[in-house]
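Please open the model in a viewer and keep a selection tool at hand. The stops below proceed from the whole chain to the ligand, then to helices and loops.

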Amino acid sequence: MQRSILILGGTAEARALAGKLAGDPRFAVELSLAGRTRAPAGQPVPVRVGGFGGAEGLAAYLRQKGISILIDATHPYAAQISRNAAKAAEISGVPLVALRRSAWVRQPGDRWIDVDGVADAVNALGDVPRKAFLTLGRQELLPFEAAPQHHYLVRSVDPVEPPLSVPNAVYLTARGPFGQADEARLLQDHGIEVIVAKNSGGPASYGKIAAARELGIDVVLIRRPDLPDVPSVETVEEMLAWLDHAPVPLK
Ligand code: NAP
């Protein structure tokens, strides 16, 4: 009997997993996106877009669609949807497995300053004007208006509109993956002294971290939010094995 899977996505892993499951006659797969980016990358399975209306809304959706497995493959900083998924699984009785990529680990030579959130990241830049590279979501940039003394290089998937109310900001729109050599060139071309980033994990956005190490540049790294304690795997391969009923150690 075919089983219906709902993947909560928005990550490269969610897309890769959907790609592996597309065409597998054992499963009917739907991918759910928050709708944060204007022109999301093409997806290999049917997609629905937008919020469910909290945990209850998601639970109702799972029941209505007859979903038999819920996979939370959202971004490690998208904590609300992960909490909603855990609660919805509890309400509906639908089994939930999370696909959570592990965080980057500090290497010798890394000049990381760990902070708890965006406001702390702004403070960590200090009073003296610096050239800062911001690689955060569009929605997280507003607090930097409180520190207009810095020069900002801002990279986002969609344009930052309206732009920040600061006198010195340059905007780039780009979608990863970003390699180390290109990132090093970008940092040097713009004379960057500090990067502000999330500890996203995975290879696609690690280039800037490796380039910062190579060039001796500070990285203000926003700590990961706490996520609900649910069965989880770290890679697409582990998730596929779990779906095959292979003995995968769940965390
Ligand atoms: P969030 O704070 O966890 O979610 C907020 C609400 O958005 C959820 O309660 C849910 O609305 C809806 N939502 C989130 N993901 C969804 C999905 N896959 N399908 C359907 N609805 C979804 O997440 P966020 O506001 O998107 O982002 C928080 C942080 O994650 C930011 O730092 C952002 O840069 C980062 N991030 C997010 C994504 C992404 O695709 N969401 C990708 C990369 C980075 P309802 O309660 O109405 O269901």
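Accessible areas here come from the Shrake-Rupley method with a 1.4 Å probe, and for residues only the protein chains shown count as cover. By this method the chain exposes about 12,100 Å², of which carbon and sulfur atoms supply 54%. The model is a predicted one: local features need pLDDT of at least 70, side-chain atom pairs count only at pLDDT 80 or more, and totals for chains, interfaces and linings use all residues. Residues are numbered from 1 along each chain as its sequence is written, and side-chain values use heavy atoms, with hydrogens and water left out.

**The whole chain**

Along its principal axes the C-alpha trace spans about 60 × 35 × 30 Å.

Colour next by burial, where buried means under 20% relative accessible area, exposed over 50%, and partly exposed in between (1.4 Å probe, protein chains only). Of the 251 residues, 46% count as buried.

**The ligand**

Which residues are the closest? They are Ser32, Arg36, Phe52, Glu140 and Lys198, in a shell of 22 residues. By class, the shell has seven nonpolar, eleven polar and four charged residues. Here Ala, Val, Leu, Ile, Met, Phe, Trp, Tyr, Cys and Pro count as nonpolar, Asp, Glu, Lys and Arg as charged, and the others, Gly among them, as polar.

Highlight β2 (27-33) and α3 (79-92), each of which supplies at least two residues of the shell. Helix α3 gives the most, with four residues.

Now display distances from the oxygen atoms of the ligand. An N or O atom in the side chain of Glu140 is 2.3 Å from one such oxygen. Polar side-chain atoms also lie 2.7 Å from a ligand oxygen in Arg36 and 3.2 Å from one in Asn84. The protein covers 77% of the 840 Å² of accessible area that the ligand has on its own.

**Two helices**

Select α2 (residues 54-64), in which Ala55, Gly57, Leu58, Ala59, Tyr61 and Leu62 are buried. Their cover includes β1 (3-8), β2, β3 (47-49), β4 (69-72) and α3. Just after α2, Gly66 takes a positive phi of about 60 degrees.

Move to α6 (residues 207-215), whose buried residues are Gly207, Lys208, Ile209, Ala210, Ala211 and Ala212. These pack against β6 (111-115), β7 (131-135), α5 (180-189), β10 (194-198) and β11 (218-222), contact meaning heavy atoms within 4.5 Å. Just after α6, Gly216 takes a positive phi of about 70 degrees.

**Two cis peptide bonds**

Finally, select Glu161 and Pro162, which are joined by a cis peptide bond with omega about 0 degrees. Pro162 is in the loop between β8 (151-156) and β9 (169-173). A cis bond also joins Gly176 and Pro177, again with omega about 0 degrees. Pro177 lies in the loop between β9 and α5. Most peptide bonds are trans.

Technical notes
A residue is near a molecule or strand if one of its heavy atoms lies within 4 Å of it. A polar contact is a pair of N or O atoms within 3.5 Å; within protein, one must be able to donate a hydrogen and the other to accept it, and residues adjacent in sequence count only if both atoms are side-chain atoms.
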